[in-house]
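Please keep the viewer open as you read.

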Amino acid sequence: MSETVAHPRRAGLSSTEAQARLARAGANRLPPPRRRSAPRRFVRQLVHFFALVLWTAGVLAFVAGLPELGIAIFVVVVVNAVFAFAQETRADRAAERLRDLLPQRITVRRDGRRIEIDVADVVPGDLLVLAQGDRVPADATVIEAHGLLVDTSLLTGESAAATAGRGEVVLAGMFVVEGEGEATVDATGAQTRLAGIARLTTLTTKPVTPLARELHRVVRMIAVLAVTVGCAFFGLALLLGTSAIDGFVFAIGVTVALVPEALLPTVTLSLAWGAEQMAKRQVLVRDLEAVETLGSTTFICTDKTGTLTRNQMAVVDAWTPAGGARIEGSGYEPRGEVEPVDPGTGVALARLALAGVQCSSGYAYPSGGGWLAHGDPMEAAIDVLARRLGIDTDTERATRVATTRFPFDSRRRRMSVVVDGEVVVKGAPDAVLPLCADSAAATAAVDALTARGLRVLAVAHRSVGDAALPTTADQAESDLRLLGLVGLEDPPRDGVDVAIEACRRAGIRVAMITGDHPATAAAIATEVGLRRHDDPVVAGHDLPGDQAELGALVDRDGVVVARVSPEDKLRIAQALRARGHVVAMTGDGVNDGPALHEADIGIAMGRGGTDVAREAADLVLLDDHFATIVAGVEQGRATFVNIRRFLTYHLSDNVAELTPFVVWALSGGRFPLALGVLQILALDIGTDTLTSVALGAEPPARHVLDRPPVTGHLLDRTVVRRAFGVLGPTEALSAMVAFTLSFVALGWRPGEPFPGGATAAAASGAAFVTVVLAQTANAFACRSSTRWPGALGWWTNPLLIPAATLEVGVSLVVLLVTPIADELGHASPPLAGWLVALASVGAVLGADALDKRRRRAAESPAEAVAAG
C-alpha cells in the first residue's frame with residue numbers, strides 16, 4: 001500500500017507568511033558564479049605579460065620619435081584583446097544557452113490550495129507537491145510518498161534511481177522519475193546542498209595552463225634579449241661618437257625591432273582556429289588556452305554515466321525457466337535483435353516482457369527522429385524489450401489498465417499491479433524470489449547476471465481468478481510463479497573502447513571516477529577496455545587521507561574509483577597534479593563542479609550536464625561522448641606543435657631583421673643599415689602575420705596520437721637551432737647579399753663610400769623584398785622539422801598558399817606604391833636585387849632540406865614526432 005501520513009501543516013504556508021519568509025531568506029536561486037565583469041575580462045586581455053611587453057615597446061617607439069610604429073603596436077594589442085575577448089564571450093554565451101538545472105515552475109500548497117509558483121519564490125517551510133517529471137527545487141523532507149522514485153545522479157553520480165519515502169530527504173537538483181509525494185522545504189538557494197557543492201569551486205584557484213607558462217617563458221627570454229641587445233647598441237653608438245640622444249633613440253629602435261609584435265595575435269588566432277576545429281568535433285571551448293592544455297593532458301579522470309555509457313538503460317539479457325536470450329539493440333530504439341539461447345523460449349520471453357510492461361509506468365516514445373524514455377529508465381528499457389519482441393505496448397497500456405497498484409517502496413523493494421484478474425510483481429530478485437515457489441533455478445541465473453555488473457529485476461505473477469481482489473500488497477504478493485529475470489545496463493557508447501585504446505597509444509592514463517556502485521563501475525570499465533584484469537577497484541570510503549598516498553594509489557592506468565564524493569574527486573585531481581600530471585577531469589553533475597575547477601582542464605557534458613559543472617569547466621562536450629575528448633586531444637597537440645612552427649618562423653625573421661644592425665655595428669657605422677625600423681614593422685605585422693596564422697592552422701599529423709604528449713619548452717633546442725642556426729642565417733645572408741649587390745649594380749664599388757638617396761633606398765628595397773620572399777619559403781619549410789614541404793602535400797594546409805600569395809602581394813604594394821615606399825624609406829630594387837630575392841627562395845628551401853636530412857639521420861622517430 002502506498003505510504004501516507006497525516007501532517008498538521010498540510011494546508012501549507014499562508015501567502016502572507018510565504019512573502020515574509022521570501023523577504024528574509026531571499027529568492028530560491030543558486031548564488032551567481034563568481035565571474036569577472038565584461039570590462040574586467042577585456043582589460044585582462046590588455047595587461048597580461050606579453051601585452052605589457054608590447055605596451056612598453058609602443059611607448060619606447062614614441063620616445064624614439066617613431067609615432068607610426070608606436071601606434072601600430074598599440075593597435076595590435078587592442079585588436080588582439082578584442083578578438084580574444086569576443087571569442088571567450090561567444091563561448092560563454094553558448095554555455096549559458098545550455099542552462100537547464102532548475103525548473104521554472106513548481107506546485108506547492110499554500111492557503112490550503114495547490115498553486116503553481118516560480119521556483120525562485122519557494123521558501124523554507126513551503127509544502128512541495130512533487131510528481132513525475134518534476135525537478136526538486138530545494139532541499140526538502142518527504143512527508144508523503146506514493147511510489148516516489150528520484151534520480152540523484154546529478155548530485156551523487158549514482159545512475160540508478162532511488163526511492164524517497166516518508167522522512168527521507170530530497171535535495172535540490174534531483175529529478176522525480178516516478179510516483180508522487182509531498183515534502184516540506186528545509187533550505188533554499190544558497191543554503192541547499194547543491195549550492196554548498198557549487199561553493200567548493202570557489203575554494204581553489206584555477207591552475208596556470210602549460211601554454212601560459214611557456215608563453216611567459218618565451219616572452220621573458222625575448223624581452224631580455226631585446227633589452228640586452230638594445231643596451232649593447234647604445235653603448236656601441238656612444239663609442240662610435242654618436243650623441244647620447246641619437247644613440248638612445250637608435251637603441252630603442254633596435255629593441256622594438258626585436259620584439260615579435262605579431263606573435264601575440266598569431267597565438268590568439270591559432271588557438272581560435274583550434275577552438276573552431278574543436279567545435280566542428282562537438283567540443284565547445286570556453287577558454288582559448290584550453291585548446292592546447294587538452295593536447296598536453298597526461299591523465300584523464302572520466303565519469304561513467306553519460307560519458308562512457310549512453311545514459312540509456314537497456315535490457316541486454318533475459319532469463320526464463322524455459323531458457324534465456326541475449327538482446328542486441330541501440331538505446332531506446334525499438335529496432336533490435338532478441339537471440340534466444342535455447343529454442344522454444346520465445347513465448348516465455350514475450351510473457352516476461354509483457355508482464356514487465358504491465359507492472360511499469362515508464363515507457364519509450366519517439367521524439368525528434370529518435371526515442372526517449374518517459375519515467376523510470378529501467379521501465380522504459382523493459383518497454384523496448386517488449387517492442388523488440390513484436391508486442392504493441394501502446395495498445396496493451398491503453399486496453400489493459402491496472403485496477404489496483406501497489407507502488408514500489410524502499411521497504412518491500414518491489415511493486416505490483418492487478419490487471420485482468422492477474423497479479424504481476426516486479427522488483428529486486430532478493431525481494432521477489434522468496435515469494436515464488438519455483439525460484440531455485442533462478443538463483444544461479446541471478447548470480448551470473450550480477451557478476452557481469454548488470455542490474456537485475458525479477459518478474460512474477462499469479463492468477464486471482466474470480467476471488468476477491470487483494471487490498472494490500474501482502475495479500476497480492478504471495479504464492480507467485482516466477483516468469484523470469486531481466487538484466488539491464490547503461491550500455492557503453494559506440495567507439496569508447498577504440499578511444500580508450502587511442503589514449504593509451506598517446507601515452508595518456510585513463511581512470512574511471514564515479515559515484516556509482518563498484519560492481520557496476522567495474523563491469524562497464526572492463527567492458528570498454530578501461531580496466532584490465534589486475535587493475536584495482538577502490539571505493540571512495542577506502543581512499544587514504546594522505547595526499548601522497550592517494551596520488552600513489554590512483555596514479556595508474558585503468559584504476560576504477562567508485563562511490564566517490566565531490567570532496568574525493570577534488571582531492572584526486574589535486575593529488576594527480578601534485579605528481580606532475582596535466583589532469584583532465586570529466587563530469588556532468590553538480591558534484592563534479594569542484595573537481596572540474598581544480599583540474600588543469602575541466603570537461604563538462606553539454607546534453608546531460610548541469611549548469612554548475614559547465615560553469616566550472618574549460619570545455620563542454622556537446623555530444624557527451626568520451627571519444628570526442630580524444631578528438632580534442634588530437635587538435636590540442638596539433639596546436640602546440642603549430643605554435644612551435646610559427647615561433648620558428650617569427651624568430652627566423654628576427655635574425656634577418658637584426659643582422660643589418662649587427663653589420664652596421666661591426667663596421668663601426670660605415671656599412672649602412674639594410675633595413676629600417678619601419679620596414680621591420682611592416683615585415684612583422686604587414687606580411688608575416690598572415691602566413692604565421694596559416695601555420696597555426698596546420699592540420700594534425702597522422703602520427704600525433706601515436707606517441708606520448710609533446711613535452712618540453714616551446715622554445716626548445718629544435719626551434720633554436722632551426723631559427724638561429726639554419727633558416728634565420730640563410731635569410732639574413734640572402735638579404736645582405738641582395739643589399740650589397742644592389743649597390744654594386746647601381747654603380748658603387750668596394751672601397752668607396754656608400755651612396756645615399758635613391759641608391760640606398762633601392763638597395764634597402766632589395767633587402768626588404770628578399771626577406772619577404774625568403775619568409776614565404778620559410779613558411780613552407782616550417783610546416784615540419786623533418787619532412788620537406790612537397791612530401792606533406794602543397795594543399796594539405798588550405799590556408800597557406802593563399803596567405804603566402806597575399807603576403808607577397810602586400811609586400812609588393814608596400815614596395816612599389818611610392819607614398820608608402822617613401823614613408824618606409826625604400827624603393828624598387830635593381831634587377832640584381834630582384835634576382836637575389838628570387839634566389840633566396842631556393843636558398844631557404846635548400847638549407848631546410850639539408851638540415852632535415854641530417855636530422856632524420858641523427859634523431860629517433862619519437863624525437864621527430866615530438867618536433868612535428
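Rings of Phe, Tyr and Trp (its six-membered ring) count as a pair if their centres lie within 6.5 Å; planes under 30 degrees apart are called stacked, over 60 edge-to-face and the rest tilted. By that rule, the structure holds 12 aromatic pairs. The model is a predicted one, in which local features need pLDDT of at least 70 and side-chain atom pairs count only at pLDDT 80 or more, while totals for chains, interfaces and linings use all residues. Residues are numbered from 1 along each chain as its sequence is written, and side-chain values use heavy atoms, with hydrogens and water left out.

Two of the pairs are set out here.

| Pair | Centre to centre | Angle of planes | Kind |
|---|---|---|---|
| Phe 62 and Phe 74 | 5.7 Å | 20° | stacked |
| Phe 780 and Trp 794 | 5.6 Å | 65° | edge-to-face |

Phe 62 belongs to helix H3 and Phe 74 to helix H4 (residues 67-96), so their pair ties together parts 12 residues apart in sequence. Helices here are DSSP runs (H or I, at least four residues) and strands likewise (E, at least two), numbered from the N terminus. Is Phe 780 buried or exposed? Phe 780 is buried, at a relative accessible area of 11%, where buried means under 20%, exposed over 50% and partly exposed in between (1.4 Å probe, protein chains only). Trp 794 is partly exposed at 37%. Elsewhere, Phe 671, Phe 739, Phe 743, Trp 748 and Phe 754 form one aromatic cluster.

Next, the interior. A nonpolar core is a set of buried Ala, Val, Leu, Ile, Met, Phe, Trp, Tyr and Cys residues joined through side-chain atoms within 4.5 Å. The largest one has 129 residues, with Leu 530, Ile 603 and Phe 626 making the most contacts inside it. Helix H23 (residues 626-666) supplies the largest share of this core, 16 residues. Another core, of 31 residues, lies apart from it and includes Ala 380 and Val 419.

Thr 586 sits in strand E23 (residues 583-587) and is buried, with a relative accessible area of 0%. A polar atom of the Thr 586 side chain lies 2.8 Å from the backbone nitrogen of Asp 303. Leaving aside neighbours within four places in sequence, Thr 586 is in contact (heavy atoms within 4.5 Å) with residues including Ile 603 and Ile 629.

Finally, helix H2 (residues 38-47) and helix H3 (residues 49-63) pack at about 65°, their axes 5 Å apart. On the H2 side the contact is made by Gln 45, Leu 46 and Val 47.

Conventions:
Polar contact = N/O pair within 3.5 Å; in protein donor to acceptor, adjacent residues only side chain to side chain. Axes fitted to C-alpha atoms, helices over the stretch in contact; angles between N-to-C directions.
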